Structures are given as C-alpha cells and as structure tokens.
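The sequence and the model come before the details.

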Amino acid sequence: MEQLREEFADSTVEEQRLTENRQRKKYWYKWGPYLSERAWATVREDYSYNGDAWANFPFEHANSRVFRWGEDGLFGVSDNRQYICMSLALWNGKDSRLKERLFGLTGPQGNHGEDVKELYYYLDNTPTHSYMKALYKYPFKKAFPYEQLVEENGKRGYQDMEYEIYDVDGLFKEEETGDTPYFDVFFEMAKDADDEHDLNFRITVHNRSKTEAGELYIAPQIFFRNTWAWDGTESKERPSLVRDNDAANLINVTHKKYGKSQIVFQPSPGGFGGDGDADAEDVEAKLLFTDNESNLVKLYNSKENPSKFTKDAFEEYLVHGNEDAVNPENRGTKACAVYHFKNIPPGEYVTVRYKYTDDKEGRIFPAEDLAVIDEDQFDTIFDQREEEADDFYWRITPLPISDEMRNIQRQAFAGMLWTKQFYNFVYDNWYNGDPKVKPRPPPDRANGRNKKWKHLYIEDILSMPDKWEYPFFASWDSAFHCIPLSMIDPHFAKGQLDLLTREWYMHPNGQIPAYEWNFEDVNPPVHAWAVYRVFKIERNLYHREDRVFLESVFQKLLLNFTWWVNRKDRDGRNVFEGGFLGLDNIGIFNRSEPLPTGGTLEQADSTGWMAFFCLQMLNIALELAKENRVYESIASKFFEHFLLISDSMSFDYSHEFSDSGELIKKVMKQSLWNDTDKFYYDAISWSADNKTQLPIRSLVGLIPLYASMTLEPSILSQFPRFKKRVDWFVNNRPDIFERNVASMSKKGVGERLLMALVTKDRLEAILRRLLDETEFLSDYGIRSMSKYHEKHPFEMNVGGQTYKVQYLPGESDSGMFGGNSNWRGPIWFPTTFLIVEALQRFYLYYGSEFKVECPVGSGEYLNLAEVAEEIASRMIHLFVRDENGERAIYSGDHSKFLSTDPHFKDYITFFEYFEGDTGRGLGATHQCGWTALISKWISDVGLSCVRLPRTPRSSVSAAEAIAEQAQEATGRTDHKSERWARRKSAKSLVNFTAHVLDLSEEEKTHHKNGVRTGNTPRSSVGSVISQTDVDAAEQGVENIDLKENRRRALSNTESLHDLVAH
C-alpha cells in the first residue's frame, strides 16, 4: 500500500508543474492573481497627518490618482513584482463611472464598518495559476447605485442589518416581473502547457435577462505599476506600451526587467446564431493609450499634471465622451482594448479572447492589418487546463463525496489562491517619504503609527484574508490560511510561514507583526502549530519531510516565544496578558487599552494560548530530536514551561510568614478556573491578594482546551535525556506533575500520558457547556459566546459608566475595533477548528469509553472523536443546502433567490464569520483565508456528513437526500444510503482521528496498539482504488492510469467504502 501511495504522489500534470517550480526548472508562480481588489484607503497609501486612511485616499480618487505601494483592479493579474499588470474594465452605457475596480463602503460609511458592495465569485484556480476562473455579476438595465448604497447604509445603525446590493430592486431581479437584467461576466486565464509566460485570457458574458437586451463595453487593460514617479527613472528608461505598426490589435510591451513581449486582442464574433447573423461583422478591439499618472488638475486643482495623459483617460473617453483624454500616438504606460457590444440579446452571450506572450512565433499570425490567434487551439488550451485542474483536485480529495460538497471545497480552494496579492511596504520610504518626492510626509504623523517597525522591507506575494476588506496580511490569519494551502501547495504554505519569521518581518525583539493598522498589536501565537501542521500534512499527502523548513522556522520561533515570556508575563508568574489577541470585542473592556478599573487583566485565553504554544514547540523539538539529540534538552525546556503555565493558570498561592520571615504555610487558591461555574474566566488583578474574575462565558474559557498533547511510552524510551527530565519532575515536583499531567498510575489508552491544561473533571464540565444548544452549541458550529448571556448580560459600573457584555448572535452593536467584527456570539472557523482538533487529541488519550451527552439533553452519548466529527459536520452545514434547497450562509430575505436561482445556486461566498443562531454569513464576504478551513473538514468528514442541516444525528428523515448525494457521486441508483451512516468501530475511529490529525505512520502505530495503518481516507489516491490495483502495485506493476482508477473508483462506491472503513 505504501508503494502505491508513493507512486501516485506527484501523479497529475499540475503536481508536475509544482515540482518544476519547486526545483526551479520553471517559474510557474511568476504570473498570478496578484493585484489587490482594493489599494485605495489602505494604511500604506495613507500620508495624512492624522492617520485617517479612509478619508486620505477615498474610492473617488482611485481612478485618477496613482498608487504608491501596489495596484488594484477587477480580476487583476500581474507578475510577482507587479511591474506588468492586467485587469478587466466594464461599462454598461449607464453607469457614472467605468467599472475598473470593486466598489464598497469605507469604515465610517458602513453601519458595520467597511464592506464591499458587489457580487463576484472565485470559481476555480490551481496552485501554479495554470488555470483561473472568476465571475462578476454586472447589472445593465439600471445604473450601478453608488450613491444609493452609501446613503441607505448611512441611515442605519449598529442594530440594523446592512443594505446590500441585492436589496436594490431591479438591479439583479425585478420584484414585479421576476426578470434578471444583468450580465454574468466570466473571466478565465490559462497558461500554455510548456511556457509559463504565455498567458491566454477569455471573457465570456451571458445576458441573464429573459426579455431585455443590453449594451456592454468590455475593456481589458494592461498597464505598468508606476515606479518611476518614486525612484526618479528618466522618461527614456520607462516601460512602454506601443501599438504595432502592422497590426491594429497588437501592443508591443517593453520593460527593462522583462524585455519585449506582446499582447494581442482577437476580434470577437459579432453574430448570435440567429437569422441574418451569418454575415454579421466581428467586433474588433479599439486600442486606447494613456499614462499611469495622477490627474492632479482634477483632484487638487493643480496647474498641470505630470503627464498630458492620465490614469482616468479611459473613463473620460468612454463615459464622458472626451476623445482628447487618450494619446493619439497610440503609446503610453497604460492601455486597453475596447470591445463594444451594442445589443446583447436576452439569453445570449459574447466572447472576448486575448493573449499575452513573450514569444509570438507560432502563436500570433498576421492577417491583413490585424494579428490573429488560432481560436480552436486557444480554446483547447482552456479545455486542457480545466481537465488538469479536475484531475488535481480529485487527487486531493479522491473520496466519492457529493458534487455539492466537492463544489464547496473547490471554490474554497479557488478563493485561497485568488486572494494571493503582491504586498509592498518599505517602512523608511513610507514614513519618511521617497527621496525624489517633495514635500516630505508630515513628521510623526498618525501619532507615530508603527514607528517601532523601522526594519520592515516587504515585497512578496502573500496570502490575504480578503483582497477587498483586508488587503493586508494578518499574522494569525496567515497561519490558518496555510492549512488548506498545504493540502494543495505545501511549498507556498511553508514559504508564507517562513516569511513572517524572517528578519525583514519579525521584529528584532522576536515579535511577529500583526497587521498594518498596528503591527504592534498582539495576535494569538498559532504560528508554531501551523508550522508543525503543515509539516505533517505535506508528509502524509506528498510523502516529503521538509526538516530544513521545520528546523529553520523553529529557531526563529524560539525568539518569538522569548518575546512572549518577557513582554506578556511581566511578573514572571506564568499568567499572561495579551490584550487584543484577535478576538476584538469579546471582553467587557477593550483589551488593547489600559483597564478603566486599573490593575492588570489576567487572560485565560492568553495563558491558554501560551500553553498551546509550549506544547507545539515541544512537539517540534521532539520531531527534530529524532535526527539531532540537541533538541531533547530544548524539548525538556518546553515540557517544564508547560507544567508551570498549566499550574499557574489553574492554581494560585498565598503565603503566610512569621515575624522573622519564615514561611508558615502555603495556601493554594483557585486562579482563572471558577470552581462554582466550572469554567475559565479572565480576572482583573490589582495585587497578589486582590483580584476579581469576570464571569463571562465565552471562547476565552474554551481556549484552554487547545493545550493538550499525548506522550507515547516509546517517546520516553526513544529520548533518554528527555525521559530523565520527566522523571526528575515526577520525583521532585510531584505536586505540579500530578495536577497537570494525567498521572503515571492512570495512563490512558496505549499506556500514554496526557499533558493538558484541563483535568478530566474540568473537561467534562466544559463540554457540558460546549455541547449545550442553549449555550455554545449551534446548529452550525460553536458560538463565540454562550447564549446564556442573551438573557443574562454581564454588567460592570466603573466611575459612573456602565459596561455590558451580552450575547449578540449577529453583527456588533458598537464601534469597538471598527464595528466590523463580533466575537460576542457568532461562529468563527479558526477557533472552532482548534476545538475540533483538541477533542480529537483528547480522544486518543481517553479512548472510546469516555463519552459525553451530545447535544446536552438529547440522551445520545458520543465519544470525543464522534463529538469532533459532529461539530465539523455542523460547520459544513453552513454551506450545504437544506430540505428547501437553501444555504444557511444566505439566511434572510434573499435566501431563496441566492440559493435556488439557476444562475446563483452553485456559487459560494466564504464569509468572515457566521450568525450564531441562523448561520447567516457576516463580515467580509470573501474571507477565503481561514473560512477555507472548510476544505480540510470536507476531506476529513465529507463522506459521512450526509444528513440535512438542522436534523438530529440519528435522524432518518434525510435518507432520500443521502441517497441522492450517493447517486450524484457514483451514478448508481441502487446505493444503500444506510451504509454511509453506520457507526464506526473504535479502531476505525482511531484510524479516522489519526488521519484527521495527520499523524505519521509511527504515531498511528502507537495509537492503534501496534497495528500499522494502511491508507487513510484523504491521504492518497491509493485509498480509492480496488484491491486488485493494490495487489498489482505491491508486485511492482507500474504506470497505473490515474483517470481510469478515478473512473473505477467512482463507479464502485460500495466496495470503496468497505476498503476505506477497513
């Protein structure tokens, strides 16, 4: 079986490209979707004295003002340094502006902060960006309602729902007629099979109206990022775009870094296949040229512009009819090709094709005064790349899950890859201004924002949380991004984690930068967890152990750990502050500011995170110790530090001394654990003997669950120096050891030890709240705050001001942290993902005999692996259609339209967080970063997640739906649905849990009491082939055909399921 797993590794064409890229034979990463969706109103572009980024560079300036630090555009593509950029522009003949970029509200304009007000979807993408596809929905009967969206949202408060673009009647659907007068604009890019610099673009526009024809201008653009304004490059050395002398549709591209290349815009078919269309003339592209320079005359009433032709020329030309705005010499640093479709009939479509290449031989052909491409060959490239993408993603998830589930996962991966962005920030040039630009920025502007981060020098492709709402990296977001990324491109995932620890990111004191609004802020320390998780995923999926990566990042994380200990545990008591910690408004006070009560906030979550950090570092140290014994002593250091943190979090001491100073007695008190409520709380501490707990049931009290790890007997015997240190603690500090490590006399399954912050009693107590549907457990996952606080808010009066925390399942009711996120009730993916993993680790220790009622009051008792699976399934239910065909993420007045309309129903939006009761998507609409964790869960539990949303675990009402899903996946009509829902044996659950946690083969052996595992459900194509293939492979049969095995696997699901269960 192992031989077969290794044979199928790197078996698809896309994996071969990744190998070429990794081995530097070809640079497939060179071109990708690296433009931002929003470059305006970012901190990088803010040069104001008061640091008001929203007002300093508003949306209204974006079409006329040059960006300093990076470009944006609709479905923008660029090279990895964003020198040459390509994007899409549209105009319906009615809008007040050319649609060159996505529109949204600024932080002050939105009633819940900034928010994009467009409908667009990332449909497909591969790790090398050999194929990309996205969709933009563009209304044509009505003008785009820019002013209406601002005005209507301005009338609403924190308590109101946001006014969305689909709330505008007649824009995407007319209430009276039911017609849908808009265009579906599909954007695709495909790279040549052999030349990674040969880019093919195809735009297909469908008129979705049943009665109305529509006018449309399609204007694909090519332009250079303006670097010459800042570095003083002379005009003769600047890059250029020049129309070809012989071909009116060909642009010659010259850049000093990349040399010469060409972009050709193919004529578009003019007919629609009806009577009289046979002789319809093609729609030919009209090339327009200008310069990527600011229009200072328009913006600031300046006397003149740096160039006669400015950035906004195409809008001036098309929308305002100003023909003098474009360069009649057909040259510049920005160009577009305008295709004017005067009348696209109802239900019809048009296609635009264009190609960028640095080698036109055999690809671009002369034809009279035009250059043309072979359209059959061109379209075949797209067909091939799309089929290769299908093969690649089937390789990632080979199980016979439903088409519905596969579509959700595919779009989650697509969003992850589409939200890569070139991120450019050099502190010295940003803060002090560019040497060639006068006047200099105001001194000490924005109250000295980020003034301690003078070392930052960033010009990298980074994974963004959301390229419109969060077009900047956030360190703890990035850690979670790397989990789904490592499933499809571990090389890129490792690069992201490595970058944040490099000297041009990490502060010399060891702090990892948080995000550009305040690099100084403190995010949860999840980096070590992500590093080890990515290492294990690559090992299990691709059979590569990158120990160099693991060791090099570990060395830098030692600095980060030291920073935490020195800066966030000022008194050396192993009880940590942390402040913000990414959970925004979860506390009664703003945790990034001094407490109005005075004193220090001892945070249960901060201390829990640090214990979690300790255990992850211990895991990595033991892994590295397998080949370098030096790491045994480092492992011992983290073992001891964990015990001290664990003890301090759960127990506090007071001391009584005699008059002579002799210790009379040491009294143990409870610290952050509340023995009455059976829950962890934050506490305000004024002194050692004066502290008050804040009894708020929130994620703060669940995060201590994360800190858990099993120690195998073989680990202790394998590492004698580490065992010696453990034995020392057993003998010399038995009190601390017994309180914080499941005791030597009560070993768990497989004779293993458990290191955890929570004892078994405390675990049971916390789980009674976690799995109670009147508290944390929602139909769609885990709430960030207990529903108990809906009727029982917690209040404090300080200095005459009342502070209150109440369960808020939806949006925030205040402007804390901009008001654009809420941790007082909604469901969040990253924190729930870690809860699920923690339960799986506890299961490996306690085994199948330890069961809890789930949900509380149901009478059904599950072991912890089953509980973990149940929570993951509920999270998947956010996206899966219910019995009415509706998705919870779209809950509300437009749910039926968004979930069931034939041109909406298959498109998924991955929101930032979700309403705690209904599952409605909230916050950023394209948070494809951590919400893409859904892709991992679909691989892990998608096969067994077959009941409908909001139905009991034991429900049989979903049988018909389950059968339909099975039929979708297999094409069979005789599939027995009950086979999909059978309970798992204990050994099967061990297999499943080991697979989900990506344990090594050695670790799996430990957890199955000496029975070595075979394939796991997701880890290999080999897990979905017949036993005949297994036998053949083990006898040395080579060249097993991947597509044939996929076909056989999908046609033989019953035997496949038996194999996986086995």
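## Strand β18 and its partners

Strand β12 (residues 221-224) pairs with β18 through three bridges, in the antiparallel sense. Within this pairing, I222 has A335 of β18 as its bridge partner. Strands here are DSSP runs of E of at least two residues, numbered from the N terminus, and two strands pair if DSSP finds at least two bridges between them.

How many residues of β18 are buried? Of the 11 residues in β18 (residues 334-344), eight are buried, where buried means under 20% relative accessible area with a 1.4 Å probe, protein chains only.

## An open sheet of three strands

Strands β24, β29 and β30 form an open antiparallel sheet in the order β24-β29-β30. β24 (600-602) and β30 (690-694) are the edge strands, each with a single partner strand, so one side of each has no neighbour in the sheet. Neighbouring strands are turned by 25° against each other on average, direction ignored; the axes are lines fitted to C-alpha atoms.

## Basis of the values

This is a predicted model, in which local features need pLDDT of at least 70 and side-chain atom pairs count only at pLDDT 80 or more, while totals for chains, interfaces and linings use all residues. Residues are numbered from 1 along each chain as its sequence is written, and side-chain values use heavy atoms, with hydrogens and water left out.

Note on methods. Helix = DSSP H or I, 4+ residues; strand = E, 2+ residues; numbered from the N terminus. Axes fitted to C-alpha atoms, helices over the stretch in contact; angles between N-to-C directions. Buried < 20%, exposed > 50% of the residue type's maximum accessible area, 1.4 Å probe, protein only.
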